[in-house]
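Visitor: I'm new to this one. Could you walk me through it?
Guide: Happy to. Here it is.

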Amino acid sequence: IYLSNVLGHFQSEISHVPLSEYFGGLMSQYDLVVYLGEREDKELPEAFLSDIPKFGNTTVLWIRGYVERLLTRDKDYFGFQILRPAGGFDTIHYQNQTLRRRDFERIRPIQITQWGLAQMHGMLESPLGSVPFSVHAKNLWYFTDDVLQDSSYLVFCDLLHDVLRIP
């Protein structure tokens, strides 16, 4: 519901479709599809995963975990991969700004494997190094963090203009 309110700022018509009701081709009826990856044991329908690269005109906004279920289908298609969970990321660097972040939990760091294909947006930093906050490749936008809290929310809201292709 919170995400619906944020998207409502852009005067969007919003439909909630549970994954259990997803069928092949449904994605083609929408400009934007949002998936919130919250539970590791959540089954993702084959039709949903195969439709993401198939319907390139539909933007897919994937927030948080388990995007590797999509990425392992074709390792090179999106140009990035997900690393083992890690913690300690307490800073976001975005557009020449440094924002503090509370490290609520471990994230699944992004590693870009094809820089010409995948574009990084913001960096998460820990004492051990830095990783992309978000990545955009083809029709997929992936955010590794819980974007609805803390300073992550500010960066997410700014990037929504790009996600929705609104100048």
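Visitor: Where is K138 found?
Guide: K138 is in the loop between β8 and β9; strands here are DSSP runs of E with at least two residues, and helices are runs of H or I with at least four, numbered from the N terminus. This is a predicted model, where local features need pLDDT of at least 70, side-chain atom pairs count only at pLDDT 80 or more, and totals for chains, interfaces and linings use all residues. Residues are numbered from 1 along each chain as its sequence is written, and side-chain values use heavy atoms, leaving out hydrogens and water.

Visitor: What is the phi of Q95?
Guide: About 45°, which is positive, although Q95 is not a glycine. Most residues other than glycine have a negative phi.

Visitor: How many residues does the largest nonpolar core have?
Guide: There are 25, and F48, W62 and F80 have the most contacts inside this core. A nonpolar core is a set of buried Ala, Val, Leu, Ile, Met, Phe, Trp, Tyr and Cys residues joined through side-chain atoms within 4.5 Å.

Visitor: Which element gives the most to this core?
Guide: That's α2, with three residues.

How values were computed:
Buried means under 20% relative accessible area, exposed over 50%, partly exposed in between (1.4 Å probe, protein chains only).
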